[in-house]
Amino acid sequence: NFQIRHACGDPKAKPSYLVDKNLESAVKFIVRKFPAVETRNNNQQLAQLQKEKSEILKNLALYYFTFVDVMEFKVGKLTTVNFDLTKNYLDLVVTYTTLMIILSRIEERKAIIGLYNYAHEMTHGASDREYPRLGQMIVDYENPLKKMMEEFVPHGKSLSDALISLQMVYPRRNLSADQWRNAQLLSLISAPSTMLNPAQSDTMPCEYLSLDAMEKWIVFGFILCHAVLNSDAAALSLWKLALQSSTCLCLFRDEVFHIHKAAEDLFVNIRGYNKRINDIRECKEQAGSMHRERRKFLRSALKELATVLADQPGLLGPKALFVFMALSFARDEIIWLLRHADNIQKKSTDDFIDKHIAELIFYMEELRAHVRKYGPVMQRYYVQYLSGFDAVVLNELVQNLSVCPEDESIIMSSFVNTMTSLSVKQVEDGEVFDFRGMRLDWFRLQAYTSVSKASLGISDHKELGKMMNTIIFHTKMVDSLVEMLVETSDLSIFCFYSRAFEKMFQQCLELPSQSRHSICFPLLCTHFMSCTHELCPEEVRDRSLSLCNMFLDEMAKQARNLITDICTEQCTLSDQLLPKHCAKTISQAVNKKSKKATGKKGEPEREKPGVESMRKNRLLVTNLDKLHTALSELCFSINYVPNLVVWEHTFTPREYLTSHLEIRFTKSIVGMTMYNQATQEIAKPSELLTSVRAYMTVLQSIENYVTIDITRVFNNVLLQQTQHLDSHGEPTITSLYTNWYLETLLRQVSNGHIAYFPAMKAFVNLPTENELTFNAEEYSDISEMRSLSELLGPYGMKFLSESLMWHISSQVAELKKLVVENMEVLTQMRTSFDKPDHMAALFKKLTSVDSVLKRMTIIGVILSFRSLAQEALRDFQDSVSVAMNVYELSSAAGLPCEIDPALVVALSSQKKNISPEEEYKIACLLMVFVAVSLPTLASNVMSQYSPAIEGHCNNIHCLAKAINQIAAALFTIHKGSIEDRLKEFLALASSSLLKIGQETDKMTTRNRESVYLLLDMIVQESPFLTMDLLESCFPYVLLRNAYHAVYKQSISANA
């Protein structure tokens, strides 16, 4: 019925025949004539039905026969005076009533039944055999409660007797929070001397009986036998109490029954019921505050109970009844709130909004966990209880019976024998207990002894009944703990209140004091497995999984956001300790010493780092304190269970947090570079490293809250940052810094705005008309390069190196083109270096001399930058663990090599459209081209050597590195002699430079001495050339005089 109602209420799930335009007139005709069947003289309206009769029969059969099943569900008369039979009888009445109410709420019931029957008649020539009764039932039960009030008149006595038997149970269960508090309900420590005494009651099964179930019995029962309300004060008292307790009852899942309105509508038409109607009106809306206070009491009571049992799990034995009472009470209050909050008219009232509901659910879950964990403890206790006490007492009671028929005697004896045979060894051996047969025998015994002419009447032997009810409870503690948990604490109804469920979860996360209990919401999703019904097994699996996933994801996101906020605060504090901020402090100290006035009067003094840690009192709470508190609360929840299983799917809350931390850490690292593509601004590596370390320190502290491997997060994230792209295809700090150094810093070096200063081992801005937006020294000194190496690691530096080599490779390709253009002249010059006049004539024929030198200088600059990066990487060589050959391994570790492996790889990968011999010749001629072009540098005003920087402002000192590295790489590729080719280069270069010593033109030779020094630099840089070799080509006295001249010139310039 519930399924049909929901299917018909959903336009997407509704049977297509009910919304088919072609069948619209037929459906209206059938509903109007229902339950009569008129197939003749209505051919026009039923013509379309004739066409689709077989499909209708097929698709509506399930719906039709469900209605037939409802019709077959009959209520039988049963008189009871004892627990099990009374409970089952009242459940039967409520089930029947619920079924008929839900049936009446299916608006399309007549259309479905009528369509099916017309299709059946057209197919088989006669109506379905069940149709007449079914049609009559649908008509009779248009107003189901009114019809059932008439129907239950014969059952009035038995039903009212069963209901009035609740007068000792229901009022005791429906007490106010103050009464519970005064009685110290559920407290184990209120009476320490009785802590080990077993919790007992004359009505054990009634102690944890659902209040919700009892209210259904009372409300529906007294509506059906309403006459007793006028004649019995006990009945009226129960009725009023139930009306005051709830405004609506659950029919099935999220289908509810509004008690007051329905009862008033029924009683208003009955003569003499004005008092009953007044009772209903008086009892309206009195329940909210009472239930709110109950929830408040239960939160503290369950917390105390869970805490004591966690410390002393042995108490679960004697105090098991308290646990199941606590679970049942809490479950009733939670379901009451859920049902009323979703269906109450006055939604603004605080009585129906409980921001602390998560705490109550959480303590329920704690108690459930204790029962599951310490089940064997409870089994041991109750196995001994059953065999050592219950069996003895029951045996005495049976022996003292004055009358005991044979059948009853056999059943009683079997009870005693079953309990006597129990032993603790069975628990230790892991034996599976099953007392269902014993409980069924007791149920039969109740039936035997409840009939009016029974020789052994249970009403005459109440002690026996009480004892057996206690024994039945004890057997459940041995073999049915899981079933007991479901019976007393199942909250699977949340599955059908998704919106309210999600709202409660959001309220829990928003309140820091409640966030520690947020894990109860994913744990509730494990209850949903029990909400599928045998008669209605629709799929709730996907809803359970999606809700559980959503809750855990939101918890992890919230924790991640808190961690991010803490990291931001810590990064700000770390930033205050950066060296750049100490300048002002030093300035103030110096000025104070010299008694100079500083700044404007009234300018606030800058707070020193660490001031945030100084507190005047403990009440002072900073934003960081609040964040840490909120995080520790939420992490408690995430760490509460290692995993939870929902529909055979295992969820691990900690993995959600780990996953979110990885994603956020990745984004944060990239974000902290503050790279702006438009302005080409980027954070200094040392500042980024400080921020990353601060971030990592915070993340490492998370291990104090949650059992997660934060090192794994670091490895996953930081290793990805050493690659060009991360696992999501996003740029990393490696790609950002590589791009910035190549496209911004080194490009400005090529443009003449920045120079490489060997003395400082850094690139430095040169004074130019257009000032650069950044200071090159702050990005390229040794401390920054070390920071860059630590951030990028060997893999990242290898990528940077490969990118640099790609640029060198493209420059070499252009140089080769220039060599090809001048090949004939260069070939002649190679063999004529000892003929000055002929060389001078040939030199004039060369083209693109300046371009060759500029490109070689660019290569030298790139190699100088790379040498800085490699030097910085040496500190981290231990972290390199990749399989490479010796040279590649050394290079990756930042160790210097005679032949640069990365450069060899880059140059050898160039496309070769000519023979190897021709390639080798071009390489040789390239060295010749560079050698004969060096003298032209002397005429450049920027070629002045500066002793202070140990280089030239136009970066020609970088030619030394370029010439050596390019020669070594090219002749390694072409298997030539590097030493021979460099000797040839030295001979050509020295010959060309000696020639400018004879020049008289001052403009041509203005920086002759500075250019001479290049020869010394080339030899000093080269592992293949020696000073002896240079002496044979170029007199050392010229070098000495050149150094003397440039130093003298530098001193005079400074003066």
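The model is predicted; local features need pLDDT of at least 70, side-chain atom pairs count only at pLDDT 80 or more, and totals for chains, interfaces and linings use all residues. Residues are numbered from 1 along each chain as its sequence is written, and side-chain values use heavy atoms, with hydrogens and water left out.

View 1. Strands here are DSSP runs of E with at least two residues, helices are runs of H or I with at least four, and both are numbered from the N terminus. β5 pairs with strand β6 (residues 762-765) in the antiparallel sense over 4 bridges (pairing requires at least two DSSP bridges between the strands). F757 has A762 of β6 as its bridge partner. The hairpin has 4 residues between the strands. K761, in the loop between β5 and β6, has a positive phi near 50° and is not a glycine. With a relative accessible area of 34%, K761 is partly exposed.

**View 2. The hairpin of β1 and β2.** Strands β1 (residues 248-252) and β2 (residues 255-258) run antiparallel and are joined by 4 bridges. L249 has F257 of β2 as its bridge partner. The hairpin has 2 residues between its strands, and R253 in the turn has a positive phi of about 55°.

**View 3. Q184 in its loop.** Q184 lies in the loop between α11 (177-182) and α12 (204-207). Its phi is positive, about 50°, although Q184 is not a glycine. Most residues other than glycine have a negative phi. Q184 counts as partly exposed because its relative accessibility is 46%.

**View 4. The largest nonpolar core, around F324.** A nonpolar core is a set of buried Ala, Val, Leu, Ile, Met, Phe, Trp, Tyr and Cys residues joined through side-chain atoms within 4.5 Å. The largest has 257 residues, of which L302, F324, F494, F665, L745, L746 and F763 touch the most other members. Helix α19 (residues 320-343) gives the largest share of this core, 15 residues. Leaving out residues up to four places away in sequence, F324 touches residues including Y208, V371, M378 and F473 (contact means heavy atoms within 4.5 Å).

**View 5. T666 in helix α32.** T666 is in helix α32 (residues 653-672). T666 counts as buried because its relative accessibility is 12%. Apart from neighbours within four places in sequence, T666 is in contact with V717, Q721 and D726.

**View 6. Confidence along the chain.** The mean pLDDT (the predictor's confidence in each residue, from 0 to 100) of the protein chain is 85, and 89% of its residues reach 70 or more. Confidence is lowest in helix α1 (residues 2-9), at a mean of 49, and highest in helix α20 (residues 357-373), at 95. Over residues 878-887 the pLDDT stays under 50, and the model has 13 contacts beyond four places in sequence for this stretch.

Technical notes
Buried means under 20% relative accessible area, exposed over 50%, partly exposed in between (1.4 Å probe, protein chains only).
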